[in-house]
Amino acid sequence: MPKAARTRAQQRRLEWALLALALLCLVAWLSPPQQMAGPNHLVQNLELSSLARPPHPDIVVIAVDDRSITSIGRWPWRRALHAQLVDVVTAQNPKAIGLDILFSEPDLDYPLDDALLAQALARSQRVVLPVLQRNQAGLTEATSELPLDVLADAAAAMGHVHVAPDGDGVVRGLYLQEGPASAPWNHFSLALQCVAQNAAARCKKSPPTNSTPVTPPHWTERQPELIAYAGGPGHYPTYSYIDVLRGQVPPNAFQGKYVLVGAVASGLGDTFATPVSSGARLMPGVEVVAHILDSHLSGIHLKAAPAAANIAFNLLPVAVALLTLLFAGPLTALLASFGLGLGTLLMSMALMRWTGWHFAPAAALLGLVLAYPLWSWRRLNAAAHFLRTEMEHLRSEGLPVRNSPWARRGDFLERRINAVEAASRQLRDLHQFVSNSLQQLPAPNFVCDAQGRILLANVAAQRHVGLGPFEPQSALQGKSIFQVLHDLQDAHTLQPLLSPDKLLAGQIPAQSEGHDAKGRSLLMLCKPFTEFANVGWLITLVDMTEIRRALQQRDQALHFISHDIRAPNASILTLLEMQRNSMEPLQADELLKRIEKYAQASLSMAESFVRLASAQNNEYRVAPLDLASVLQDAVDDAWTQASNQEVSVTILQIPHSAPCVGDRPLLARAMANVLNNAIKYSPARGTVRCSLYARGPNWVISIRDEGPGIDPAQQDRLFKPFSRLHDLTHPNISGVGLGLALVHTVVKRHGGSLEVESAVGQGVEFRLVLPASASD
C-alpha cells in the first residue's frame, strides 16, 4: 500500500476510534436507570408484562366491594363483622389470613367489638395485620401507624404494606423491609409466608408504640425488589365479603390457601397504577399484595442489576454495533443495528427470567440509534475527502479529464463523484478492453505479476478451478497462482510445474505438460511480458485430456486389431500351411472345424469391439420396457451355453413386472454379457442365481456365480477395455475383456450404477442398479 494511502487509512481509523470512544462514554454515563427513567420505565413495563402467568392456586381474595358496601352499609363497619369473617375463614383451615385493614384507633361506637376481634384473632393464630408509615403534614418526622395493642398482641404477625411508586406514579417495586432502623418490619407477604410455615411465635414482633416519633434518617428501607405481576387487576379468585359472611362460598374455598382481605370498592382503600393495568384501570392494594405473594411462592425474585453489570450490558451491544459498522456495508450495518436493538430488548427479558436481574437498556438502545447516523456522517465525510484528493492526484499525473455535462450538477458530494467518475472512465475503458479481450479466449488464461499474484483471469480460468458461473469475474484477482494451480504436476517427476523460485528466476519453460488432481492432462504455455517496470506472466492452459484419451483408445484399438484380431486369422493361415506341408494332413471335417473355431473367435472379437464403440458413442433409442421380461429372456437365451457347461441358471426373485425406460437391445446385451461370464467361470454342476428386486427408486438385477471370485484389489480393472483378470488361472476361457466394459458403459448411460461383491474363491455377484425411469 502506498505511503499516502496508509496515512489516510490510519487517520480514518483514529477518527473512528475517537468517535466510538465518545459514544461508549455517553452510553456508560446514561446507563444508570435514573438517567433515562422514562424510556427505561417503558422497557420495564414491557418486561414485567412478559412475566404474565396463571394465578397461584394457593391465593384467594376476599373483597370489600361495592356490593358488600350496599348490603352492610357505609364504611367503616363494626369490628364484630370482621371477627365473624375471621372465624368463618379459619374454620376452613387456611394457611394464613392477611387482613389488609388498619385498626389503629379504638371503636368508640362499639367498644366491645375490639375485644371480639382480638378474641377471633387469638383463636385463629393465622391472621397478619398491616403496618403503615404516616408522614404528618408540616412535620419532618414520620410515625409508624400500628394496630391497637390488643389486636397487635392477638395477631399472628404484622407486616408493612408499602410499595415504592416510580417517578411516573407506576408501582413496579417495593422494599421487603421497612421501619425503624433497629427493627424494620417485613413486608406483609413475607409475614403471611412466615405464619403459613407454623412459625407464628417467631414472626410476631414487639413494635414501638404509636406515639414514638421516628425521624426520617432513622426510618430504613431495605432489600428493594421488583414486583413480578402475574396479570392485571382481578387476576385472582375473588369472593365478596358479604358472600363469605352469608356462607355463600364453596365449603373448601379457603382450605390450604393464603386468604387476603382488603378493600376494592370505588373510593375505598389504596389503588395503584401498575405496568399490567389496562388503560386507566387501577389495581387495589390488596391485589398488589397478592401479586407480591404470588412471585415469592413461584420463586420469582427480581431486583435491579448491579451498576457494573448494567453498564457492561449497555456497552456490549453498542461495541458490537460499532465493530459491525466498521467492517460491514451500509445495508448490513443498518440491519445489524436494528437486530442488535431487538436482541438487546429480548436479552434483557431473558436475563430477567434467568438471573432475576433487571437491566435498564435505554442507554444501549440510544447508542444503537446514534451509531448508524454517526457512522454514516463519518463515512460521508471520508468519502468526500477521498474524492477530492483522488481528483487532485489524477490531475497532478497529467491525466486528461473530460468535462461531462453533469460534472457541475448536484450537491457537494455528487459533484465530487461526477468529477472523479469522468476522470476514471478513461482508465476503466482501457481496462475493460483488455479484460473483454481476455474473457473471449476459450482456454483458461491467467495474468499474474512477478510474485505470482493474479491480476486478471478469464471465465474459462474460473471454470477450470471450479468456480460457478455466477461468481464475479474478479473472484481470482489477488490470489496466488501457485495456490490456484498447486495440483498441476509434471507427469514424470511429480514436481509442481509452477513454483515461486522458477517464476522469480524466469526459468519457466515456454510450454510444459502435466496432470492435475482431477486427472486432467494439461499443456501449460507461459509467456513473460513487461508491465511498466515490472515483469509479469501470461499463463495459458490447454486441456489435452480428450486428446490423450483418444490417443489411448487409438492405441488400444491398434493393439486389438494388430494382436487380438490377427491372432485367429494367423492361426487359420498356419493351420492351412501345415495342412499343405504335413505328411499326415487332417481330415477335411477336422480342418473345417478348426478353421470355423478361429473364424468364430475373430468374428466375436470384432462384434464385441463394435458393440462397445456403439454403446459409448451412439445415441440410445429409449422406450418403456419391462426389466423382468428382459431378464427372463436373457436367462432363456443362456440355457444352451449353461447346458453345454453343466451349469444351472435359476431366478430366485423376480416381480410380476419391473417398468423402466431404456434401450432394450443394449440392456439385454448387458445382462447377457454378465450371464455369459457367470456361466463361463462357474464350475461343472454349479449354479448361477439371478434376482430382480426394488431398492428405493431403483431396480436391482443381481447375478451371482460360484466361480473363482475376484480379488478386491483387482476389481477396479474389471470394467477397463481389453482387461482380463483370469488369463493365467483360466487360459481355456476365451475373451478379450470387452464384455464388462460394455456393461459398465450401458448402465452408466442409463443413469444407473454397477456394483461388484466378491472375494477370492467365493464367486462373484454383479448388481446392475437402474432407475425406475432412466433416460440416455
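1. Contact in this note means heavy atoms within 4.5 Å. The structure is a predicted model, in which local features need pLDDT of at least 70 and side-chain atom pairs count only at pLDDT 80 or more, while totals for chains, interfaces and linings use all residues. Residues are numbered from 1 along each chain as its sequence is written, and side-chain values use heavy atoms, with hydrogens and water left out.

2. Thr687 lies in strand 25 (residues 687-695); strands here are DSSP runs of E with at least two residues, helices are runs of H or I with at least four residues, and both are numbered from the N terminus. Leaving aside neighbours within four places in sequence, Thr687 is in contact with Ser648, Thr650, Arg704, Asp705 and Glu706. With Ser648 there is also a side-chain polar contact of 3.2 Å, a polar contact being a pair of N or O atoms within 3.5 Å, where within protein one must be able to donate a hydrogen and the other to accept it, and where residues adjacent in sequence count only if both atoms are side-chain atoms. Thr687 has a relative accessible area of 17% and is therefore buried, the classes being buried under 20%, exposed over 50% and partly exposed in between, for a 1.4 Å probe and protein chains only.

3. Pro708 is placed in the loop between strand 26 (698-704) and helix 23 (739-749), and its relative accessibility of 24% makes it partly exposed. Its C-alpha is 7.1 Å from that of Tyr681, although the two residues are 27 apart in sequence.

4. His187 occupies the loop between strand 8 (185-186) and helix 7 (188-196), and it counts as buried because its relative accessibility is 1%. Not counting residues up to four places away in sequence, His187 touches Gly159, His160, Val161, His162, Leu174, Tyr175, Leu176 and Ile292.

5. Gln223, in strand 9 (residues 219-226), has phi near 55° and is partly exposed at a relative accessible area of 44%. Glu646 also has phi near 55°, but it belongs to the loop between helix 21 (639-644) and strand 23 (648-653); at 46% relative accessibility it is partly exposed.

6. The peptide bond from Trp75 to Pro76 is cis, with omega near 0°, and Pro76 falls in the loop between helix 3 (66-72) and helix 4 (79-90). A separate feature is the charged end of Arg78, which sits over the ring of Tyr110 at 4.0 Å from its centre; the criterion is that NZ of Lys or CZ of Arg is within 6 Å of the ring centre and within 35 degrees of the ring normal.

7. A search of the whole structure finds 5 aromatic pairs. Among them, Trp75 and Trp77 are edge-to-face, 5.0 Å centre to centre with 65° between the planes; rings of Phe, Tyr and Trp (its six-membered ring) pair if their centres lie within 6.5 Å, with planes under 30 degrees apart counted as stacked, over 60 as edge-to-face and the rest as tilted. Trp75 is partly exposed, with a relative accessible area of 26%, whereas Trp77 is buried at 6% relative accessibility. The rings of Phe313 and Phe359 are stacked, because their centres are 4.6 Å apart and their planes are at 25°. That pair links distant parts of the chain, since Phe313 is in helix 11 (residues 307-327) and Phe359 is in the loop between strand 15 (357-358) and helix 13 (362-396), 46 residues apart. Phe313 is buried at 11% relative accessibility, and Phe359 is buried with a relative accessible area of 6%. Ring pairs also link Trp75, Trp77 and Tyr241 into a cluster.

8. Two helices can be checked against their expected span, which is 1.5 Å times one less than the number of residues. Helix 2 (residues 37-49), with 13 residues, reaches 18 Å from its first C-alpha to its last, close to the 18 Å expected, and its buried residues include Asn40, Val43, Gln44 and Glu47. An α-helix has 3.6 residues a turn, so residues three or four places apart point the same way.
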